[in-house]
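Me: Please take a close look at one residue and the strands around its position. Keep it brisk, with cut-offs.

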Amino acid sequence: MSQHPNAALIQRVLSAVARGEPEALKPLCADGIQWHAIGRTPWAGDHEGFDAVLDYLGRVGEAADVFEADLADLLLSEERAATVMEVSARRGDRRLEVQFLILYRIAGERIAEVWSTPLDLHATDVFWT
């Protein structure tokens, strides 16, 4: 059985993010991509455009001593993908182990919009603030 095209897209996106290679991420994102980060962290809110999304992801990575995210589940349709990510992070003596639900809207075989929300919002807000 062949792989769903949106599965391949999500795997390329996650791989580029994990490797810290924005040049590999750019062709996978639609012009005007939007990322909606849920919570009360310093960077929560809407990030519009590729540069703003990269800035958001970079600030998250820079704020943590360690930040790791592993794919736990992947759900697919023709226009969307959803991932459950197992996130482990450390800042000084603070530790975070939480799942994130990330919903992707896909248009023209590229990521057009993303919503990310921690499944334990309180623990995530406490960790980052």
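Reply: T83 lies in strand β4; helices (H or I, at least four residues) and strands (E, at least two) are DSSP runs, numbered from the N terminus. This is a predicted model, where local features need pLDDT of at least 70, side-chain atom pairs count only at pLDDT 80 or more, and totals for chains, interfaces and linings use all residues. Residues are numbered from 1 along each chain as its sequence is written, and side-chain values use heavy atoms, with hydrogens and water left out.

T83 is buried, at a relative accessible area of 0%. Buried means under 20% relative accessible area, exposed over 50%, partly exposed in between (1.4 Å probe, protein chains only). Neighbours within four places in sequence aside, T83 is in contact with I10, L71, D73, L74, F100, L101, I102 and Y104. Contact means heavy atoms within 4.5 Å.

Now the pairing. β4 and β5 run antiparallel, joined by 12 bridges; two strands pair if DSSP finds at least two bridges between them. M85 has F100 in β5 as its bridge partner. The two strands β4 and β5 form a hairpin with 2 residues between them. In that turn, G92 has a positive phi of about 60 degrees.

β5 also pairs with β6, antiparallel, over 8 bridges. Here L103 stands opposite W115 in β6. β5 and β6 form a hairpin too, with 2 residues between them, and G108 in the turn has a positive phi of about 60 degrees.

Helix α4 (residues 121–128) packs its buried residues against β4 (80–91), β5 (94–107) and β6 (110–118), among others.
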